[in-house]
Amino acid sequence: MHVLTNSVHAGRHDLRTLGLHAPPIDRSTTYPLSSLEEGTHSLEELAGGAKSASNPVYQRLLNPTVARWEAGVAALEGAEAAVAFASGMAAITATLMAAKASGKAHVVAVRPIYGGTDHLLATALLGGEVTWATPDSVAEAIRPDTGLVLLETPANPTLAMVDIADVVAQAAGVPVAVDNTFATPVLQNPLALGATYAIHSATKALGGHGDVTGGIVACGEAAAQPLRQVRILTGAVLDPQAGWLLHRGLATLALRVRASQEGAAVVAGRLAAHPGVATVTYPGLSGGDPLGLVGRQLSGPGSMIAFRPTGGYDRASRMMKAVDMITPAVSLGSVDTLIQHPAGLTHHVVAEDARDAHGISPDLLRLSVGIEHPDDVWADLERALDLSL
Ligand SMILES: *Cc1c(COP(=O)(O)O)cnc(C)c1O
């Protein structure tokens, strides 16, 4: 089905037989067992990573409300399964742990990536080694003990674009995980390009309203089972209320992504034409998509913009203060427009030489365009550009 239809209907297939129109919220932490044997059998199945069992047993093992949202995201990603987590970082952590549990602890990661992910890998908190690669050097970074290749495209925060199919070919059978948070499943489906995992911080566009934290990994059923095992053992489960909110938000995902993308295209063009702006990076502007991936890998340029005002860090800092309707805050993908400073905030934890090497400069600002009228977003930005002179 079309993405507009899937957004509305995916994960709701059991509702009619339940006699319901809206998904119910199941907050049970435990479930009555019809027999001890049913409990033991269900527990064994779920602990082994099964998607479902005749009895959920315990909320940390399975929750039907969260499972409906998982089915919805799986449908949108064209995946057999999706596994929900308490946050995007919990989803990334579980993916790294599942790779490590397979006996291969070495990770190849393509910078730039989200600051938290960069920090997690750089500190080796989970053990294992990381090799930082460029999109062209993944093949030479692969070792016999490489368990995962990790990348983002468009990447946070610079909108750097990576050819997923090319990296998959270079990975030569090593699973590739794509953090698909910026693109959303509406614009890009990494699994169709050969990736093993599509990871989302659902805190961003999937939730879309700035009021719920969550994460999810879409993948094949075989890859999902170790992720469910990690989730059970580490306890990084998504709360059912959050799962319900995320499923509710899914219905308008395609509409929101398209509306914010339309606004972002207008705003990016106006930023590029403004004398107070040194550079604008947006996949829909010339220079923003050097590999020609829009239309091929990514169906549209999206709603994220990276730009550098003239005047360095001080102007960027003053702009963050000068915006009025736009919220100066980290996060992205909300219905309202947000502006933030990667070097000072989301990517402050990234090693300074890595920030410099990947364009996370002191004057870089990242804009997440919401679904407001683009004229109003632009009016606020233009005023902030003037006030910050
Ligand atoms: C925010 C973000 C994350 C982390 O997600 P949380 O929900 O904050 O844990 C991971 N990757 C990207 C690209 C992000 O923007």
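**Helix 12 on helix 15.** I looked up the handedness here: helix 12 passes helix 15 in a right-handed crossing. My convention is that a crossing is right-handed if the near helix is turned clockwise from the far one by less than a right angle, and left-handed if anticlockwise. This is a predicted model, so I take local features at pLDDT of at least 70 and side-chain atom pairs only at pLDDT 80 or more, while totals for chains, interfaces and linings use all residues. Residues are numbered from 1 along each chain as its sequence is written, and side-chain values use heavy atoms, with hydrogens and water left out.

Helix 12 covers residues 253–273 and helix 15 covers residues 374–387; they pack at an angle of about 30° with axes 9 Å apart. That makes helix 12 roughly parallel to helix 15. For the labels, angles under 35 degrees are roughly parallel, over 145 roughly antiparallel, 65 to 115 roughly perpendicular, and the rest oblique. Axes are lines fitted to C-alpha atoms, for helices over the stretch in contact, with angles from 0 to 180 degrees between N-to-C directions. Helices (H or I, at least four residues) and strands (E, at least two) are DSSP runs numbered from the N terminus.

Which residues make the contact? On helix 12 I find Gly263, Val266, Val267, Arg270 and Leu271, and on helix 15 Pro374, Asp375, Val377, Trp378, Leu381 and Leu385 (contact means heavy atoms within 4.5 Å). I sorted these into eight nonpolar, one polar and two charged. In that sorting Ala, Val, Leu, Ile, Met, Phe, Trp, Tyr, Cys and Pro are nonpolar, Asp, Glu, Lys and Arg are charged, and the others, Gly among them, are polar.

**Helix 13 on helix 15.** Next I checked helix 13 (residues 312–322), whose axis comes within 8 Å of that of helix 15, crossing at roughly 130°. The two are therefore oblique to each other, and the crossing is right-handed. Arg315, Met319 and Ala322 of helix 13 meet Leu381, Arg383, Ala384, Leu385 and Leu387 of helix 15. I count six nonpolar, no polar and two charged residues in this contact.

**Helix 5 on helix 10.** Helix 5 (residues 88–101) and helix 10 (residues 221–234) cross at roughly 110°, their axes coming within 9 Å. That makes helix 5 roughly perpendicular to helix 10. Helix 5 also passes helix 10 in a right-handed crossing. From helix 5, Ala94, Thr95, Met97 and Ala98 meet Pro226, Leu227, Val230 and Thr234 in helix 10.

**Ligand site.** Which of the 14 residues around the ligand come nearest? I get Met89, Asp179, Ser201, Thr203 and Lys204 (near means a heavy atom within 4 Å). Then I went through polar contacts, pairs of N or O atoms within 3.5 Å. A side-chain N or O of Asp179 is 2.6 Å from a ligand nitrogen. Thr203 has a polar side-chain atom 2.6 Å from a ligand oxygen, and for Asn156 a polar side-chain atom lies 3.1 Å from a ligand oxygen.

Last, Val57 is not a glycine but has a positive phi of about 70°; I found it in the loop between helix 3 (36–47) and helix 4 (64–77).

Key. A polar contact is a pair of N or O atoms within 3.5 Å; within protein, one must be able to donate a hydrogen and the other to accept it, and residues adjacent in sequence count only if both atoms are side-chain atoms.
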